[in-house]
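Here are my notes on this model, in numbered points.

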Amino acid sequence: MSTREVGYGLTAELKQKMAEKYSLEEEQMARQWIEAILKRPLNPDVPPEEPLGPDRLHEVLKDGLVLCDMMNNLKPGNMNAVVQTIHALGRQAKKQNYQGPLMSVPSESTENVRFFTEEQLREGESILPLQSGTDKFQDTSSWGRPRQIVHEVKDKST
């Protein structure tokens, strides 16, 4: 077990990178929108023009009550939207390899890019799509004409 204090090495580097990606402007936009919907401040102790910062914002949002209040204000009584949002969070937790309890929701689909060479694409042109049928080998000269039923008549005189 390590006896080093938290905040050294790779842990510190990762924490610093995450802090650099955090945008106070985006936080303020989201906060102002939430407060406008709820018609109340997220944190009454902090003036509206001052950003909360990641730690205080986390403290306000971590129990989920604010987000449920928002959903109820956007569409009152629409629990289906709340459940769908929880399922979306469950898919993201699974995708991000969250180590805690996971929901058994289907995984979110991922992009499946395929690259083909020109030679492979040309090979595909020679394959007949027989699953859907083809008329390349049929005599189509009689299409649209009535069916010709011919009876052979044997000559009895011979």
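1. Start with R31. R31 is buried, at a relative accessible area of 1%. The cut-offs: buried is under 20% relative accessible area, exposed is over 50%, and partly exposed is in between, with a 1.4 Å probe and protein chains only. R31 sits in helix α2, residues 24-38. Helices are DSSP runs of H or I with at least four residues, numbered from the N terminus.

2. Provenance. This is a predicted model, in which local features need pLDDT of at least 70 and side-chain atom pairs count only at pLDDT 80 or more, while totals for chains, interfaces and linings use all residues. Residues are numbered from 1 along each chain as its sequence is written, and side-chain values use heavy atoms, with hydrogens and water left out.

3. What does R31 touch? Leaving out residues up to four places away in sequence, R31 contacts L42, N43, V46, P47, P48, E50, P51 and L52. Contact here means heavy atoms within 4.5 Å. The R31 side chain also reaches the backbone oxygen of V46, at 3.2 Å. That is a polar contact: a pair of N or O atoms within 3.5 Å, where within protein one must be able to donate a hydrogen and the other to accept it, and residues adjacent in sequence count only if both atoms are side-chain atoms.

4. R31 has a charged partner. Its side chain meets that of E35 in a salt bridge, 3.0 Å from N to O. The criterion is a side-chain nitrogen of Lys or Arg within 4 Å of a carboxyl oxygen of Asp or Glu. Both residues lie in helix α2, four residues apart, about one turn of the helix. E35 counts as buried, at 13% relative accessibility. R31 is buried as well, at 1%.

5. How many salt bridges does the structure hold? There are four. Another of them joins the side chains of R40 and D69, at 3.2 Å from N to O. This pair links distant parts of the chain, 29 residues apart: R40 is in the loop between α2 and α3 (53-61), and D69 is in helix α4 (residues 65-74). R40 is partly exposed at 35% relative accessibility. D69 is partly exposed, also with a value of 35%.

6. R56 and E50 form a salt bridge too, with the closest N and O atoms 3.1 Å apart. R56 is partly exposed, with a relative accessible area of 33%. E50 counts as partly exposed at 34%. E50 is also one of the residues that R31 touches.

7. The largest pocket holds about 310 Å³ of space. A pocket is an open set of points on a 1 Å grid over the protein atoms alone, where a 1.4 Å probe fits, with protein on both sides within 12 Å along at least five of seven lines; lining residues have an atom within 4 Å of a point. Volume is the space filled by probe spheres set on the points, which are joined across faces, edges and corners. The lining is G64, L67, C68, M70, M71, V82, T85, I86, L89, A93 and Y98. Helix α5 gives the most, with five residues. By class, the lining has nine nonpolar, two polar and no charged residues. Nonpolar covers Ala, Val, Leu, Ile, Met, Phe, Trp, Tyr, Cys and Pro; charged covers Asp, Glu, Lys and Arg; the others, Gly among them, are polar.

8. The second largest pocket has a volume of about 260 Å³. T11, L14, K15, M18, A19, Y22, P54 and D55 line it. Two or more residues come from each of α1 (9-21) and α3. This lining has five nonpolar, one polar and two charged residues.
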